[in-house]
Amino acid sequence: MKTKTVLLLTTLLLGVVTGFGQCEQTRPLTWTFDNGTLTISGTGAMPDYLSAPWYSGHSSITSVIIEDGITSIGDKAFSYCSRLTSVTIPNSVTSIGDYAFSYCHSLTSIVIPEGVTSIESCAFLDCSGPTSITIPNSVTSIESCAFFNCNILASITIPNSVESIGDYAFAYCSGLTSVIIPEGVTSIGYRAFYNC
């Protein structure tokens with residue numbers, strides 16, 4: 001069934017958006033948008049997207065609240081939300097998908113909650129605003145390009161739980177002056193800290 005995404009609707013069932021603009025219902029998740037705040041509610045994993053159903057209003061989103069019960073943030077869920085300044089992620093989330101927050105230039109800090117075990121490829125690519133990132137002791141892998149070009153990030157502490165850091169994970173983080181890598185890390189990918 002073809003649908004038009006209209007941001008003025010208060011609630012719409014989340015779905016997987018295909019390249020043809022079709023929306024297939026997959027999980028009982030809902031979203032609301034009010035005065036700049038996008039709220040995701042329900043239980044279970046968020047679908048992966050080519051273009052999220054709220055994308056037509058992405059430039060108006062300033063805050064994202066993901067409510068408790070959501071277990072993952074889908075691929076490209078909030079990419080290109082250039083005015084997004086704050087994100088609330090609950091402890092129920094265990095993974096942050098590919099490109100989930102890529103190109104969110106206005107984010108000034110990123111707090112990843114306990115419970116997240118993986119930060120997928122390019123999850124925070126080109127988030128040029130954060131000066132600090134908190135990675136919890138539950139994360140075991142930081143995938144390729146996860147924080148690529150977070151260029152004013154000054155320091156990062158990688159927790160003891162992390163075992164692998166992917167290719168280009170922190171490349172072009174040109175503001176980095178301090179990095180602490182724990183003994184448990186067994187692999188650091190190609191150019192993981194390139195041009196820092």
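These exercises work through the fold, sheet and core of one predicted model.

Local features need pLDDT of at least 70 and side-chain atom pairs count only at pLDDT 80 or more, while totals for chains, interfaces and linings use all residues. Residues are numbered from 1 along each chain as its sequence is written, and side-chain values use heavy atoms, without hydrogens and water.

**Exercise 1.** State how many helices and strands the chain has, and what percentage of its residues is buried.

Solution. 
- Step 1: The chain has zero helices and 16 strands (DSSP runs of H or I, at least four residues, and of E, at least two, numbered from the N terminus).
- Step 2: Of the 196 residues, 45% are buried (under 20% relative accessible area, 1.4 Å probe, protein chains only).

**Exercise 2.** Describe the largest nonpolar core and the surroundings of Phe-78.

Solution. 
- Step 1: This core has 50 residues (buried Ala, Val, Leu, Ile, Met, Phe, Trp, Tyr and Cys joined through side-chain atoms within 4.5 Å).
- Step 2: Ile-73, Phe-78 and Phe-147 have the most contacts inside the core.
- Step 3: Not counting residues up to four places away in sequence, Phe-78 touches residues including Trp-54, Ile-73 and Phe-101 (heavy atoms within 4.5 Å).
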